[in-house]
Amino acid sequence: MQVDFLIVGQGLAGSLLARELRRRGRTVHVVDDGWKSASSQVAAGLMTPLTGRRFTLTKDYPELFAAAQAKLTELGVFRPIKVYRMFVDDEQRAKGLKRTECTSCQPFIARVTSARGELDAGLTDAFGGALMNGAWVDLPKLLADVRAELLAAGNLTEAAFDPAEAALFAEGVRWRTLRAGAIIYCDGYKSALRGPFTYLPWQPAKGEALTLRSDVPDKSFILNREGWALPLGQGVWRTGTNWQWDQLDEIPTEPQKEKLIRRFRSYFGQDVSVEVAAHVAGVRPCTSDNHPFMGTHPQQPRTHLFGGLGPRGTVWAPLMAEEMGAYLCEGTPLRPECNLSRFAPAG
Ligand SMILES: Cc1cc2nc3c(=O)[nH]c(=O)nc-3n(C[C@H](O)[C@H](O)[C@H](O)COP(=O)(O)OP(=O)(O)OC[C@H]3O[C@@H](n4cnc5c(N)ncnc54)[C@H](O)[C@@H]3O)c2cc1C
């Protein structure tokens with residue numbers, strides 16, 4: 001079989017890029033190991049406009065969000081929802097109030113509350129909070145739908161790809177019986193561990209999440225304070241997460257489970273029941289400068305990378321998949337801050 005592009009990995013990056021390349025009339029073949037290490041299957045897929053202790057709006061967020069909303073709505077996986085960021089102290093509250101004066105933040109802030117219980121009597125928001133216009137993305141549905149499309153077209157092989165098995169030659173790459181004009185790594189944090197792109201400054205970070213049942217009254221917004229709790233309706237919640245830079249694996253741990261349950265309970269001003277239905281772990285493909293890694297290997301012109309989506313893949317991936325498609329098909333330059341050429345290999 002001969003295709004234009006061989007894509008390694010069918011997480012969020014590989015899924016959106018495969019669709020984008022097909023939309024541009026190119027042929028693709030995807031190899032994925034059955035989502036064995038897919039952080040896209042673990043993520044709650046939240047799109048939270050203002051984040052971090054300093055409660056800041058990411059640069060380019062309005063442009064990235066608008067593109068994500070359009071593309072993910074078309075795919076039927078974009079779920080608009082408010083996010084209630086409960087402030088941890090007066091300082092954060094003062095920052096929240098200040099953000100309401102910034103014009104690029106204003107479209108994302110629906111309301112700032114000043115006292116406990118002002119938004120919802122059942123919350124422990126002693127310093128008030130900011131109600132933001134956010135969203136979450138149904139990533140498992142997106143992955144399953146794209147997988148079905150690719151399988152129906154005969155464009156997906158379920159296998160573990162070993163970079164040593166790929167033979168590079170001037171016109172492209174050969175993998176098993178397949179020949180492709182180029183190979184694109186979309187394998188998440190695995191590119192930090194092996195293969196041609198290990199030289200990049202990756203900072204993979206493990207995180208865990210729970211799906212649980214609780215008798216707490218359902219909310220119409222996501223709760224956010226240090227972690228988050230996403231109401232899925234009928235007493236079902238997803239809650240997470242934590243950051244761990246060692247032990248990079250997909251194994252959920254008991255101490256984190258206890259911590260996530262404690263934090264979930266701390267959001268409510270009453271005893272709430274918790275029954276854990278699922279506990280998962282994954283590794284975020286984070287980078288040293290919080291920007292994706294996109295582009296071509298410096299010594300291998302037929303070897304590309306679309307990854308490093310970090311903790312906010314849902315925000316980055318839709319627009320960046322489009323830009324990566326334009327780069328691969330038309331040679332349109334990538335944004336310098338996302339082009340992997342900003343880092344040179346050692347030696
Ligand atoms: C706990 C947690 C919470 C998160 N929360 C959010 C959130 O709320 N919002 C948000 O936007 N982002 C969140 N993220 C980040 C988000 O998951 C990532 O940015 C995004 O999903 C990365 O997508 P990807 O396709 O690059 O990688 P992945 O989803 O990891 O996909 C890589 C794919 O390649 C496959 N693969 C790897 N190696 C091989 C191989 N050798 N052969 C074949 N296949 C291979 C994997 O199995 C997988 O299917 C979270 C991540 C974690 C871990």
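## A walk through a two-domain model

The chain is divided into domain 1 (2–41 + 140–202 + 288–342) and domain 2 (80–134 + 203–284), with bounds that come from an automatic or database domain assignment. What you see is a predicted model, in which local features need pLDDT of at least 70 and side-chain atom pairs count only at pLDDT 80 or more, while totals for chains, interfaces and linings use all residues. To find your way, note that residues are numbered from 1 along each chain as its sequence is written.

Let us begin with how the two domains sit together. Taken over C-alpha atoms, the centres of domain 1 and domain 2 are 31 Å apart. Their contact takes nine residues from domain 1 and seven residues from domain 2; two residues are in contact if their C-beta atoms, placed from the backbone, lie within 7 Å. On the side of domain 1 that touches domain 2, there are four nonpolar, five polar and no charged residues. Here Ala, Val, Leu, Ile, Met, Phe, Trp, Tyr, Cys and Pro count as nonpolar, Asp, Glu, Lys and Arg as charged, and the others, Gly among them, as polar.

Now turn to the ligand. There are 43 residues around it, and G9, G11, G188, G207 and G313 come nearest. A residue is near a molecule if its C-beta atom, placed from the backbone, lies within 6 Å of it. Domain 1 and domain 2 each give at least three residues to this shell. The elements that supply two or more residues to the shell are α1 (12–23), β2 (28–32), β13 (205–213), β17 (275–284) and α7 (313–330). Helices (H or I, at least four residues) and strands (E, at least two) are DSSP runs, numbered from the N terminus. By class, the shell holds 19 nonpolar, 17 polar and seven charged residues.

Helix α7 leads us on to another helix. The axes of α2 (residues 61–74) and α7 come within 8 Å and cross at roughly 75 degrees, so α2 is roughly perpendicular to α7. Such axes are lines fitted to C-alpha atoms, for helices over the stretch in contact, with angles running from 0 to 180 degrees between N-to-C directions; angles under 35 degrees count as roughly parallel, over 145 as roughly antiparallel, 65 to 115 as roughly perpendicular and the rest as oblique. On the α2 side, the contact includes Y61, L64 and F65, which belong to a group that meets T314, V315, W316, P318 and L319 in α7. The residues of this contact divide into ten nonpolar, one polar and two charged.

β10 (residues 166–169) and β11 (residues 172–175) run antiparallel and are joined by four bridges; strands pair if DSSP finds at least two bridges between them. A hairpin links β10 to β11 through two residues. Across this pair, A167 stands opposite R174, and L168 has V173 as its bridge partner. V173 also stands opposite A180 in β12. β11 and β12 (residues 178–185) pair in the antiparallel sense over three bridges, and two residues lie between them in a hairpin, where R176 in the turn has a positive phi of about 50 degrees.

Two backbone details remain. W35, found in the loop between β2 and β3 (46–47), has a positive phi near 60 degrees, in a residue other than glycine. The peptide bond from G240 to T241 is cis, with omega near -10 degrees, and T241 lies in the loop between β16 (236–240) and α6 (254–266).
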